[in-house]
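Open your viewer and get ready for a short walk through a protein chain. At each stop you will select something and look at what is there.

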Amino acid sequence: MDRQTASATFPSTAPAVADARRFVRKVLADWGMDEVADDAVLATSELATNAIAYAGTSFEVACRLHDGAVEIEVRDRHPTRGIEMPGVTASSGRGLPSISRLAASWGVSYDRRSKGVWFRLPGPGAAEGAVSSDTVAAETAEAARTAEIAGNGSARGEHPARDGAEPAREGVGAAVQGRFTGGAGEIPVAGDRLLRSPAAVEAMEDGVAAVREVLGAEGAAVLLTERDGRLIMGSSAGTAAEMPLGELSVGSLAPAARAGSAWVAADASDPTAAALRARSLAAAPLESQGRLTGLIVAVSSASGRFGEGDGVRLGRLADEMSLSLEKARVGELERSWRGWLSFVAEASDLLAGTLDQERTMALVAQLVVPRLATWCAVYTVTEAEPDRLAYVWHADENRSDGLRELLEHAGAAPPTDVPGPWNGFAAAPAEFRVAAGDTAGDQVYAFPLIARGRRIGTIVIGRPSGDRFPRSAIELAEELSRRAALAVDNARLFSAQTAMSSALQRSLLPPGIPEIPGLEVAVVYEPAGEGSEVGGDFYDVFESGLRPGSPAPASRWRFAIGDVCGTGPEAAAVTGLARHALRILAAEDMSVPAVLARLNRLILGEGERGRLLTLLHGEIAARRRSDGVTIRLTSAGHPPPLILDPDGGVREAASPQPLLGVFDGVEFHTDTVDLRRGEVLLCVTDGVTERRSGNRLLGDGHGLERLLAGCTGLSAGAVAARIQRAVRDFGPEPSNDDVALIVLRAS
C-alpha cells in the first residue's frame with residue numbers, strides 16, 4: 001500500500017480537541033480505515049487534551065498510512081517539557097496509559113522546537129488469529145491493572161525508541177505476578193463483571209452442560225467469587241438449579257480448592273456440598289493469574305456418586321472454562337475501559353462547548369450524577385469568598401433542597417490540593433442533619449479544582465453509606481475534576497475579559513443622543529462575537545454650537561460614524577482617540593475638514609500603534625424656514641451615505657476622500673446636503689455593506705440601496721430596525737464584523 005499522509009494544525013483552545021477528533025475521523029474514513037477510527041479518535045483526544053492542558057501551545061496532528069498500519073502523531077511546540085509518567089514522575093494524568101492500552105506501539109520524539117507523541121494502530125485483520133493462553137494471561141494482567149489503577153501508573157519507558165516495536169511491559173507483568181504468588185485461594189476476584197458479559201454467561205452455560213454430559217451428573221453449577229470472599233451463583237443446570245445456595249465463602253472451601261486442585265466429596269460433610277444441599281460432589285477451581293475466580297461443581301443426590309477420575313475430568317473442563325472466562329473478562333474490561341474513555345472525551349466536548357461559568361458548573365454536576373455519584377456539589381473560591389456553594393444536584397430532585405441546606409450549614413469545603421474523603425456533615429447542626437434524612441450519613445469525597453497552579457474550587461460527591469464508591473469511580477471523578485477545573489477557569493477568564501471589554505466598549509460610545517429640532521435620529525450598534533473583544537466601529541452625535549455660559553440653545557450639532565481597522569485593545573485606543581478628539585476639536589469651532597486633517601495627523605503621530613480609520617463626519621444646522629436641515633459632511637474612505645427621497649429614490653450624498661492614518665498633508669473638503677422634510681440620510685459601517693452569505697455580500701449590486709428604497713414612509717427608528725433585521729437575516733451565520741448605523745430623518 002502506498003504511503004499516505006495528512007496533517008492539520010490546531011490552536012491551544014478547548015474546542016480544538018473536538019476539531020482534532022473530527023479531522024482524524026475524516027482522514028481515516030477517506031482512507032477506508034473506519035474499523036480503527038474509534039481507537040484512533042480516543043487516543044488523539046487524550047494527546048490533544050494533554051497538549052493544551054500542559055504544553056499550552058498550538059499542536060499539529062499528523063496521520064500516516066503505511067503497509068496497512070495507521071500512525072498518528074500529536075506534536076506541540078513545547079520541547080523542553082518532558083512527558084510526565086503518571087505514578088512515576090507525576091501525581092495525576094491518564095493520557096499515556098490510555099495510549100498504552102489502545103495502541104500496538106507508541107513513543108515520544110523530540111527536536112529543538114517541538115515534542116511529539118505518536119502511536120501506531122494495525123489495520124483491520126492485522127491482529128486476528130488464535131489467542132494463546134499465555135497471551136490471554138498477559139492481556140488479562142495488563143487489563144486488570146489498567147482497570148484497577150485507571151492510568152495512575154505506566155508500564156512503558158518515558159522515551160521509547162521509535163523503531164516500530166512495542167515498548168517493554170515488564171512493569172505490568174511483574175506488578176501483577178508479585179501480588180498473587182500465594183495460591184489460587186489467597187486473593188479472590190469479583191465475579192460481578194463476568195455476569196455483565198454475554199460471552200462469559202454463554203461460556204458458563206456451555207460449561208455446566210458439558211459437565212453434566214461428561215460426568216453424567218444430576219446437576220452442575222458455576223460459582224463465582226465476590227470481593228468480600230463470598231461465592232455467588234453464576235450458572236446452573238439440572239438439580240443444581242433448584243438448590244438454594246447457602247452461605248458459602250472462599251475461606252470455608254476444602255484445602256484442595258485453596259491449593260488450586262480439584263476434589264471429590266463423597267457425602268454432605270463438605271461445606272460446598274452442604275451449601276448446595278447435595279449428598280456428593282465433584283468440584284474444581286477456576287483460576288486466573290494465580291487468583292480464584294470461582295468453582296465448577298457437579299452434584300448428586302446420592303452419596304459416593306463421584307470418583308477420583310471424575311475429579312480429574314472436571315479439572316480439565318475447569319481449565320478450558322478458565323481460559324474462556326478470562327477471554328470474556330478481558331473483553332469486558334476493554335469495553336468498560338473504552339466506555340470510561342468515551343465518557344471523558346464526551347465530557348470534555350461538553351465542557352468545552354460553553355464559556356459561561358454558571359452553566360459550566362451545572363454541567364459538571366450533571367455529568368457526575370448519576371453515573372458516578374448520587375449527588376454532587378460544586379464550590380467556588382474567589383478573593384471575596386473563600387468557599388461558596390455554587391451548585392447542587394441530586395438524582396432525586398425532592399432531596400436537592402435538603403441537601404443544599406445541609407451543605408450550607410456543614411463545614412467548609414476542604415482546602416486541600418488532593419482528593420479524599422470529607423466529613424463535613426458532622427459539623428452541621430443536628431436539626432439540618434435530621435431534615436436531610438439518610439443523606440446526612442452518605443459517604444462523601446471531595447476533589448479540588450486546580451487550574452494554573454491554584455485551587456479555584458472543589459467538587460464534592462456523595463453516595464448512600466451502603467453503596468460504596470468503587471475505585472474506578474473515584475479515579476474517574478478525579479479525572480473529570482481536572483478537566484472541569486480547566487473549563488471553569490476558562491469560563492472565569494472569559495467572563496472577566498467580557499466584563500472588561502463591555503466596560504471599555506461602553507466608554508467608547510456616547511452617553512446619549514441629543515434632541516435636534518426638525519430631525520429624527522436613530523442609531524444602532526452591534527459588536528461582533530460574544531463581547532469578549534472591543535470592536536473598532538463607533539458613532540457619536542453631539543452638540544457643537546453651544547457657547548459656554550450662553551443661555552441660548554444649540555444651533556449646530558455634529559455626528560460621526562467610523563471604523564478602525566482591527567479589533568481589541570489597539571483598535572480601542574484609536575477609537576477612543578478619534579471619538580474624544582472629534583468632540584474636543586468641534587468645541588474649538590474647527591470646521592469638519594479641519595477636524596479630519598487634525599485627526600489624521602494625530603493618528604499618524606501614533607506611529608506603529610496607529611490604525612487605519614474610515615470616518616464619516618458631518619455638521620448639522622437648522623434651516624431658517626424650519627424645512628429640514630443642512631448637513632455639511634466629509635467621507636474619509638467610508639462607505640458613502642445614502643439619501644432616501646419621499647418618492648423612494650435613493651442617491652449617494654458624499655464624494656469619496658482618502659481614509660485617515662495613511663497620508664500626511666491631505667486636504668479634505670465637505671459636501672453639502674439639504675435634507676428636506678421626509679428625506680432620510682443613512683450612514684453605515686462596512687459591517688452592513690459587507691455582511692456575507694456564502695459568496696454574496698449585502699452591498700453587492702446596490703443591495704443596500706434597494707433595501708433602503710423599501711423603507712419609504714418609515715420613521716428613523718423604523719428604518720434603523722429594518723436595516724438591522726435585514727443584516728441579521730442576510731446570512732445563516734452570525735456576523736463576524738461590528739455593525740453601526742445612524743439614521744437622520746427630516747421632520
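How many bridges join strand β4 to β5? Select residues 105-110 for β4 and residues 115-121 for β5 to find out. There are six bridges between these strands, and the two run antiparallel. Keep in mind as you look that this is a predicted model.

Stay with this pair for a moment. Four residues lie between β4 and β5, and the two strands form a hairpin. Now pick out Trp 106, which stands opposite Phe 119 in β5.

Click on Glu 71 and you will find its bridge partner in β5, Arg 120.

Now show the side chains of β5. Lys 115, Val 117, Phe 119 and Leu 121 point one way, while Gly 116, Trp 118 and Arg 120 point the other way. Are these residues buried or exposed? On both sides, they are all buried. Because seven of its seven residues are buried, β5 is largely enclosed by the rest of the structure.

Two cysteines make the next stop. Select Cys 63, which is buried at 0% relative accessibility, and then Cys 376, also buried with a relative accessible area of 0%. A disulfide is a covalent bond between the sulfur atoms of two cysteines. This structure holds zero disulfides.

Finally, zoom out to the whole chain. You can look for 19 helices and 28 strands. Of the 747 residues, 52% count as buried.

Methods:
Residues numbered from 1 in each chain as written. Predicted model: local features only at pLDDT ≥ 70, side-chain atom pairs only at ≥ 80, totals over all residues. Heavy atoms only, no water. Buried < 20%, exposed > 50% of the residue type's maximum accessible area, 1.4 Å probe, protein only. Disulfide = S-S within 2.5 Å. Pairing = 2+ DSSP bridges.
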